[in-house]
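Subject: Structure for your review

Dear colleague,

Please find below the structure that I am handing over to you.

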Amino acid sequence: MKSVDGFKEMPLLSLKNVSRSFGSTRAVVDVSLDVNQGEFFGLLGPSGCGKTTTLRMIAGLENPDTGSIFFEDADITHLPPERRGFGMVFQNYALFPHLNVFENVAFGLRARHQNKADVADRVASALELVQLPGYDKRDVHELSGGQQQRVAIARAIAIEPALLLFDEPLSNLDVSLREETRSELRELVTRLGLTAVYVTHDQEEAFALCDRISVMVGGRLMQTGRPRELYEHPSEISVASFLGRNNLIRAMRLSSSKTTAGEFKTLDGGHTLRMNVNHDELAPLNKPVFLTIRPEHVRLSTNDGDAENSLRAQIREIVFAGATSTVRLDANGLMLEALVLRANELEVNQECHVVLSPDRLMLLKN
Amino acid sequence: MKMDRAKRKIRLHQWRPVALLAVTAVVLIYGVVYPNLAVVITSLQRAGNWTLANYREVLSQGSAIEAIVSSLGLSAGTVLLCALVGVPLAFLFERFTFPGRRLFAALAALPLVLPPLVGTVAFIFLVGESGILAHSIQNLFGLENPPWRLRGWPALLLFHTYTMYPFFYVFTGAGLRRIDASLAEAARSLGASKSSVLRRVVLPQLTPSLLAAALLTFMTSMASFSAPLLFGGDVRVLTLEIFRARQRGDFVMAVTETVILAIISLAALIVFQRYEGTRRFAAAAMKGAPRRREIIASGGARVLATILAVVFALVLVLPVATLFLVSFAQEGSWTTQTLPSAYTLANYRRLFGDPLAAEVFFNSFTMSAIAAVAALLWSFCVVTLLRRREGARTFAGESWRRLLSLLVLVPWALPGTVVAVSVAEAYGRPGSLLGSFVLVGTFWILPAVYFLRFMPLVVRALQASMEQVDPTLEEAAGSLGARAWQRFVRVTLPLVWPGAVAGTLLAFVIALGEYVASVLVFVPANRPISIAIASELRDFNLGAAAAYGVVLIIIISISMAFAGRLERLRG
């Protein structure tokens, strides 16, 4: 794989065309992805999209029906989990109820037959890292949810894992604790120089934590990229609608336009919109396609009637949400949503102009 | 006027828990505390003086020591064998899925619902020296004598394993289901091999379940009476020794041995309760446990597992099938043949035509119904007191509630022999708590004993139902203006009745086949089914004995099916 620097390292973890079905349900379909050394990698998607199954296959808890998994260039597809050396943090923490905090964290070290002094040292430092020093003699039942979660993390990092796997580890915490733990987690992984794969259905969480994210929908991997890339240039409707709010505009490319600048007619409202089309194959003539624009990119004005892609619209509803307000608009039957910082001057039923700037409009793969 | 009503309300409010407490206390004092105290006192007295002479005398006799050692040895052996059979079966059927699995799983608990006497009789017909198995081997190989005699230790251990292995099977299975599957996965991801997961994660968490099963098996085996009586041979066990001592009129010996048996059983109960507690605790600490997917074994293992399931299912069904077969056998048609040579409905015709048989059924039905309904009504009192919110008004605190639930459990933990002997001792002569009324020798002794023996089942069933009712529902009803009785009738009762009735049915059918206590205190006026079976057996009316057993099993099956439906209704 060549890059600008002339050469790029092999990825640490590689999934190649991995599929897994449960009975007639195809949980994971032909997923390929690469995770690089030191990367915090996210698997994001709605529940039931196959992200947890993918993670479990990486961990070795599930075997792929087809496809292979490589780690440091070695095929680990059928390696049992205990021989992979990956730490995993479970959604319900999976702390051993019959063992105290120390023994929970020491579990993996004992499985590796380390000597007593080493075990004690490494348990102590793992507990220190998750800010639970001195909790070693506690029973796991005595701990709060947040503390149990930290013990689960300490247990996973104590084995100095080659890869750290997280299965929605924050979903059992309450909101304020979740954000706090989130930043601590990211900091900890970076400090230890670990590579992590993180499964979540929470877009905000994935964006805050991950260097790169794969979005999965219906068992398929739809798009992989940096958070900003995914947000600003979703390639598919499913990705666009899963990541944040979006205006979906059904439109048809006009046969009259022969230039690179595409000209589209919206099916609702019959407006003419212009935008740059880089890939001709994405927008065949006379076939309905989806255009999309984020609400925060929809501009409202009272005098911009001449700007490109300016439509006349009527304000239907204004929803106040603190720092921002959402304005619902009706442009001759085309329903749009705009996010504005100040809605003071706006009123319901007011007539105004909506500007869908051509460089903010995107064309989606169907 | 308004003031009056308010005052009355307050008085009613205080009156209710006091009444509940009074009813509960009277039953426990008359039924549990006093009879048990009475046997202890009798065992410690001689001619009105306090002395240990009875114990010295009993313990100096070889037979008593032998009985204690035999009972303990038999129970220890039973626990070991039941564990060896029940635990692997539970692992096999809980962890894996294969053809035939459901067949066995559906039948696994069958021996538990078989009345002990009926089970014993069925066993004699199947594996006894003149039973089907022995005859078929004898005829197959042309042997002169039966290949074995169903007597003594091996016979008892075999029968106990057959009837009590379900404790281990059921408890281990439930324990395995409770273990969070992600724990094993976490252990694997931390580097533990499959065998090390079993050793370090699964077994430690299973220990409380295994101990509970062991204690339950131990207690049941200590109380076993029918099998030692019918094919124990020379094996002297405590229950049997107590029965024989009473038969020959040696009441002091009977009472003293009863106390010894009671102490052993209660010790087991106390340990059992502790482990049951920790089991619940561990389960409560779990959150969000995903279900374990059952692994489908393949190839040879699959065939082997299927064969195993079918064989075990057959083993479970065979004694009952034998009982059915023998119930249709013509009297005298089954001597040396493998199977009875002539079949008839005569046994059943006799059962339904004979006024004596009708009376026996009538007695058992009436007495069991009285006991079960009384247990249901009384358990509402107990469970109300045991509930945290209600109980808080009457009791000082947790320790009182624990005492109450312990007292309720005592008759359940005590062997039927002990319950019968202690009631007989307490109410066998005038001047007891009942004044000049002597309970022993009347019709009422058996309903009373049945009530005591099986009310813990009803209390537990009702308690389990009540625990599922959110206490805020009653509070909500209260806030809407419902009085205490309205809250009970309109909110609590509709939610708990299926569970309560299911528990009552269970108590009813178990009482229907009760033998151990009945044989000690029955009188001609209340001769129950089990006594009739035993006497038919003694007269070698095998077909008639079997027919009684079959009718009992049919009644039990119908009731259990009905109870199962009710349980589902609740869930």
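In chain B, 77% of the contacts with a separation of 6 or more are between residues 24 or more positions apart. Please bear in mind throughout that this is a predicted model.

Chain B contains 25 helices and 4 strands. Its radius of gyration is 26 Å, close to the 25 Å that the globule rule gives for 571 residues, so chain B is as compact as a globular protein of that length. The C-alpha trace of chain B spans about 95 × 70 × 50 Å along its principal axes, and 45% of the 571 residues in this chain are buried.

The domain assignment divides chain B into domain 1 (1–39 + 348–571) and domain 2 (52–326). The C-alpha centres of these two domains of chain B lie 26 Å apart. At their contact, 31 residues of domain 1 of chain B meet 31 residues of domain 2 of chain B. On the domain 1 side, the elements giving two or more residues are helix 1 (2–43), helix 18 (398–413), helix 19 (416–426), helix 24 (529–538) and helix 25 (542–570) of chain B. Helix 25 of chain B gives the most to that side, with 10 residues.

The largest nonpolar core has 157 residues, and those with the most contacts inside it are V121(B), A375(B), V449(B) and A507(B). Helix 20 (residues 445–467) of chain B gives the most to this core, namely 15 residues. Both domain 1 and domain 2 of chain B give residues to this core, so it lies between them. Leaving aside residues up to four places away in sequence, A375(B) touches F451(B), F454(B), M455(B), V458(B), T504(B) and A507(B). Another core, of 107 residues, lies apart from the largest one; among its residues are V151(A), A154(A), V239(A) and A192(B).

One helix pair in chain B may also interest you. Helix 6 (residues 116–127) and helix 14 (residues 300–327) of chain B pack at an angle of about 80°, with their axes 8 Å apart. Angles of 65 to 115 degrees count as roughly perpendicular, and these two helices of chain B are therefore roughly perpendicular to each other. Helix 6 of chain B contributes G119(B), V121(B), A122(B), F123(B), F125(B) and L126(B) to the contact, while helix 14 of chain B contributes L318(B), P319(B), V320(B), T322(B), L323(B) and V326(B).

Chain A, finally, is divided into domain 1 (13–234) and domain 2 (245–364). The C-alpha centres of these domains of chain A lie 40 Å apart.

With kind regards

Conventions
Residues numbered from 1 in each chain as written. Chains lettered and ligands numbered in written order. Predicted model: local features only at pLDDT ≥ 70, side-chain atom pairs only at ≥ 80, totals over all residues. Domains from an automatic or database assignment. Core = buried A, V, L, I, M, F, W, Y, C linked by C-beta atoms within 7 Å. Buried ≥ 20, exposed ≤ 12 C-beta atoms within 10 Å, placed from the backbone. Contact = placed C-beta atoms within 7 Å. Rg over C-alpha atoms; globule rule 2.2 N^0.38 Å. Axes fitted to C-alpha atoms, helices over the stretch in contact; angles between N-to-C directions. Parallel < 35°, antiparallel > 145°, perpendicular 65-115°, else oblique.
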